[in-house]
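Good morning, and thank you for coming. Please look at the sequence and the structure as I bring them up.

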Amino acid sequence: MFSSGIDSQQEPSGLAGAMLVPTRFVWPYGGKRVFVTGSFTRWSEHLPMSAVEGCPTVFQAICSLTPGFHQYKFYVDGEWRHDEQQPFVTGNYGIVNTLFLTREPDPIPAILSPGTPGNRRNMDVDIEAFQHVEATHRISETDIQIFRRRISLFLSMHTAYDLLPELGKVIALDVNLPVKQAFHILYEQGIPVAPLWDSYKGRFVGVLSALDFILILRELGNHGSNLTEEELEKHTISAWKEGKQQLYRQRDGHGRPCQRGLIHACPYDALKDVALKILQNEVATVPIIHASPQDGTFPQLLHLASLSGILKCICRHFRHSSSSLPILQQPVCKIPLGTWVPKIGDPNGCPLAMLRPTASLSSALSLLVEARVSSIPIVDDNDSLLDTYSRSDITALAKDRAYALIRLDEMSIHQALQLGQDTNFPYGFFNGKRCQMCLRSDSLQKVMERLANPGVRRIIIVEAGSKHVEGIISLSDVFRFLLG
């Protein structure tokens, strides 16, 4: 059951001037011909229900009802039925479902007006979208299940081939390349990750990411030595990967090596399987590789699949489905989604990982690794958002061999971010809008569309005007919600 908005039309009962609440009735248990009737039709009219697109076992009908108490029942293929998952009572018409509609809409947070002062440099807050927010009621579990079925059906019917762009390039690195040169390439190309090719084995064997660079810097720092260009010259990518496995083996309490093969997908894999592979293995991307061992050809690297690319396909397909999927227009604050700043006195709340601009770069890198997040909000003393520091920002240290000239515990986050804000930085990676933000009153559809942009992995929820951080929604959060 889903209710939203307040209208001032006439109800079927003929009460003139009554405030009406558009209300959606849902029968999710199948059938051929399904109707709904109730006290709002004086039990005299059967309203036909239509099957939801993509979910033939789910029927719905929208009626405008007056606030107050209502009873209703379903007529399915010639039999009277009630929904056991919704409130019900025994009355004059047998067992009937009940519904109570309040007269007052749910409160909506303060709206940011066009005249609100404040510096929006490097911030991405859509002010115009906060002018008109409709009052909505909290969604039901049935609405969520319908939405998830539609998403699951779409993802199961489309394959990784749908992610391939018409034009594009994918950069791969040889495992015998020096680590120093590899990270210069990541920096120069403005990419956070690259697949690794082993020419001796004739196949792709892994990926090199900004996280590897972070781990290298931290490990060398832990041994009390400054990072020098010579130290990086001695390490190939292959040597680093082997050393990384040894490091993890030392931390394994069972003495087992922590090895795993290349996590990849085939072009004919369903998008749902690709998304689950990314989530379950906690990786940012998986290479799409076409291999044909029958003809003896080398594997072909087609694309790097990411959750943002899959989400872009979802947004494109469901862009005009808000009427059949009203959950898309629900504010994110009413959906079980993301991580929120705990309320005062909440014993189960966990504070968000945030840092001040004066914190050391070493603390930021440690937090990125230990909290397993892609970026960290940088806030002032009032917890108002100033900037973000992301894993990929570490590649800025490749510029002019900055990694050989600094100590992680002596450089502040503010200084580290300035390294990447040079106007000559290639591909504008650090120019433009760094902080992707939204308000708690933004719709799920808007948040999904923003996360579907390349390079965006987290959206920070802020308070209108003050930019006080209220929560974070990541790509992983969205897909865990979508896939249940």
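Let us begin with a sheet. Three strands make up an open sheet with mixed pairing, in the order S12-S13-S14. Strand S12 (173-174) and strand S14 (203-209) are the edge strands, and each of them pairs on one side only. Strands (E, at least two residues) and helices (H or I, at least four) are DSSP runs, numbered from the N terminus; two strands pair if DSSP finds at least two bridges between them.

A word on the source: this is a predicted model, in which local features need pLDDT of at least 70 and side-chain atom pairs count only at pLDDT 80 or more, while totals for chains, interfaces and linings use all residues. Residues are numbered from 1 along each chain as its sequence is written, and side-chain values use heavy atoms, with hydrogens and water left out.

Back to the sheet. Strand S13 (residues 193-198) pairs with S14 in the antiparallel sense, over six bridges. Trp197 stands opposite Phe204, which is in S14. Helix H2 (residues 179-189) packs on this sheet and touches S12, S13 and S14. The direction of H2 makes about 70 degrees with that of S14. Here, axes are lines fitted to C-alpha atoms, for helices over the stretch in contact, and angles run from 0 to 180 degrees between N-to-C directions. Contact means heavy atoms within 4.5 Å.

How are two packed helices described? One gives the angle between their axes and the distance between the axes. Helix H7 (residues 307-317) and helix H11 (residues 475-483) pack at about 50 degrees, with axes 10 Å apart. H7 and H11 are therefore oblique to each other; angles under 35 degrees count as roughly parallel, over 145 as roughly antiparallel, 65 to 115 as roughly perpendicular and the rest as oblique. On the H7 side, the residues in contact are Leu307, Ser308, Ile310, Leu311 and Ile314. They meet Leu475, Ser476, Val478, Phe479 and Leu482 in H11.

Finally, I turn to burial. Buried means under 20% relative accessible area, exposed over 50%, and partly exposed in between (1.4 Å probe, protein chains only). In helix H10 (residues 444-451), seven of the eight residues are buried, among them Lys446 and Arg450. Ser140 lies in the loop between strand S11 (123-124) and helix H1 (141-157). Is Ser140 buried or exposed? Ser140 counts as buried, because its relative accessibility is 14%.
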